[in-house]
Amino acid sequence: MSGRQRPEPVQIIKERRDKALRVLVGGIPYIRFLGIQFDRRGDELTAILPFDEKLIGNPFLPALHGGVTSAFLEITAMIELSWSGLWEEMETGTLDPRALDEAHLPRLPKTIDFTVDYLRSGLPRDAYARARVNRSGRRYASVHVEAWQDNRARLFAQATGHFLIPGREPRG
Amino acid sequence: MTDPSPAQRFIDAIPHAKALGLELIQIADGKAVMAMPYSEALIGDPATGVIAGGAVSALMDTCCGAAVMSYPGARGTATLDLRIDYMRAAKPGQRITARAECFHATRTVAFVRATAHDEDEGLPVATASGAFTMETSSGRPEAKS
């Protein structure tokens, strides 16, 4: 009686979204170098930086390297921005995630500037980060990102960056 | 290369600087020059082979910290704030060299700026400016934890 389609099975939707995220993240060697992983809950991403000795900047404290913290935040901001674009395209059907693979990766935003505010030293344990796209226009985006360790309310660093948004079509 | 300052030893002992393959080229009186060799592990954009911005930030941060450590009287430092502006993509295959200068320091705060170039010495790949904590022998600033 109605033209309303039956919703797709949850597993199919999940697989499609997880695959798109895997392709986006898995293609970037530097993410592997730092060991960053992404956890997805619906459209929300949490970046995880599992502790590793090679991330240490001050062996006497010990503390995470400030550059690692900055890189972790920048990667989180950049992936969040790409992901929010991909998500929209998947939801509106303009992008078929099956067309995404290692040879057809989504184009990544370019960082224009990135400012990191170091609030406390990074402890030698896992770190987490979430980014929020505050504004995303046709060309430019402003993204804020927060990182914490044991306690979500006690940030150890936060950052704001501006990015140049690439053309929406995947690169072939 | 000038005196084996605390900064020189400090850099040799930084695990992440080692992971990036950083090389300290010059350090003295609040100035440091440091290089990062090109490595496929540091690629941020697989389609072009360009090094990740984050790796350039890590190089800049380390170089700025080294500049502060070589400032007369400095005993320790940590980054408070660092801003990086990315002017252009670094050429794939080329090493990146950062030059940092601590141009002013009080007993508690050091102000630093830096540039990063690939093998083309014209337009920098990136510039940075930041504020760092300054620990001097006369007193330690408030611990950040």
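In strand β8(A), A:G161 is the bridge partner of A:F114. Strands β5(A) and β8(A) run antiparallel and are joined by 8 bridges; two strands count as paired if DSSP finds at least two bridges between them. Helices (H or I, at least four residues) and strands (E, at least two) are DSSP runs, numbered from the N terminus.

The model is predicted: local features need pLDDT of at least 70, side-chain atom pairs count only at pLDDT 80 or more, and totals for chains, interfaces and linings use all residues. Residues are numbered from 1 along each chain as its sequence is written, chains are lettered from A and ligands numbered from 1 in the order in which they are written, and side-chain values use heavy atoms, with hydrogens and water left out.

Strand β5(A) also pairs with a strand of the other chain: 5 bridges join β5(A) to β6(B), and these two run antiparallel. Here A:T115 stands opposite B:R83 of β6(B). The sheet as a whole is open and has 12 strands, in the order β1(A)-β2(A)-β6(A)-β7(A)-β8(A)-β5(A)-β6(B)-β9(B)-β8(B)-β7(B)-β2(B)-β1(B), with antiparallel pairing. β1 (37–41) of chain A and β1 (23–28) of chain B stand at the edges, each with a single partner strand, so one side of each is left without a neighbour in the sheet. From one strand to the next, the twist averages 20°. Within chain B, β7 (residues 96–105) and β8 (residues 109–117) pair in the antiparallel sense over 8 bridges, and B:A105 has B:A110 as its bridge partner in β8(B).

Helix α3(A) lies across β1, β2, β5, β6, β7 and β8 of chain A together with β6 of chain B, and runs at about 50° to β6(A). Helix α3 (residues 53–69) of chain B lies across β5 of chain A together with β1, β2, β6, β7, β8 and β9 of chain B, running at about 150° to β2(B).

Helix α3(A) (residues 66–92) also packs against helix α1(A) (residues 10–26), at an angle of about 145° and with the axes 11 Å apart. Axes are lines fitted to C-alpha atoms, for helices over the stretch in contact, and angles run from 0 to 180 degrees between N-to-C directions. Residues making this contact (heavy atoms within 4.5 Å) include A:A20, A:L21 and A:L24 of α1(A) and A:W83, A:L86 and A:W87 of α3(A).

A:R40 forms a salt bridge with A:D18, with the closest N and O atoms 2.8 Å apart; a salt bridge is a side-chain nitrogen of Lys or Arg within 4 Å of a carboxyl oxygen of Asp or Glu. A:R40 is in strand β1 of chain A and A:D18 in helix α1 of chain A, 22 residues apart.

The contact between the chains takes 34 residues from chain B and 35 residues from chain A. Chain B and chain A bury about 2,700 Å² between them, 58% of it on carbon and sulfur atoms; buried area is the accessible area (1.4 Å probe) that two parts lose on being put together, summed over both. The count between the two chains is 1 salt bridge, and the side chains of A:D113 and B:R83 meet in a salt bridge (3.5 Å, N to O).

Two backbone features remain. The peptide bond from A:L61 to A:P62 is cis, with omega near -15°, and A:P62 is found in the loop between β3 and β4 of chain A. B:D29, in the loop between β1 and β2 of chain B, has a positive phi, near 45°.
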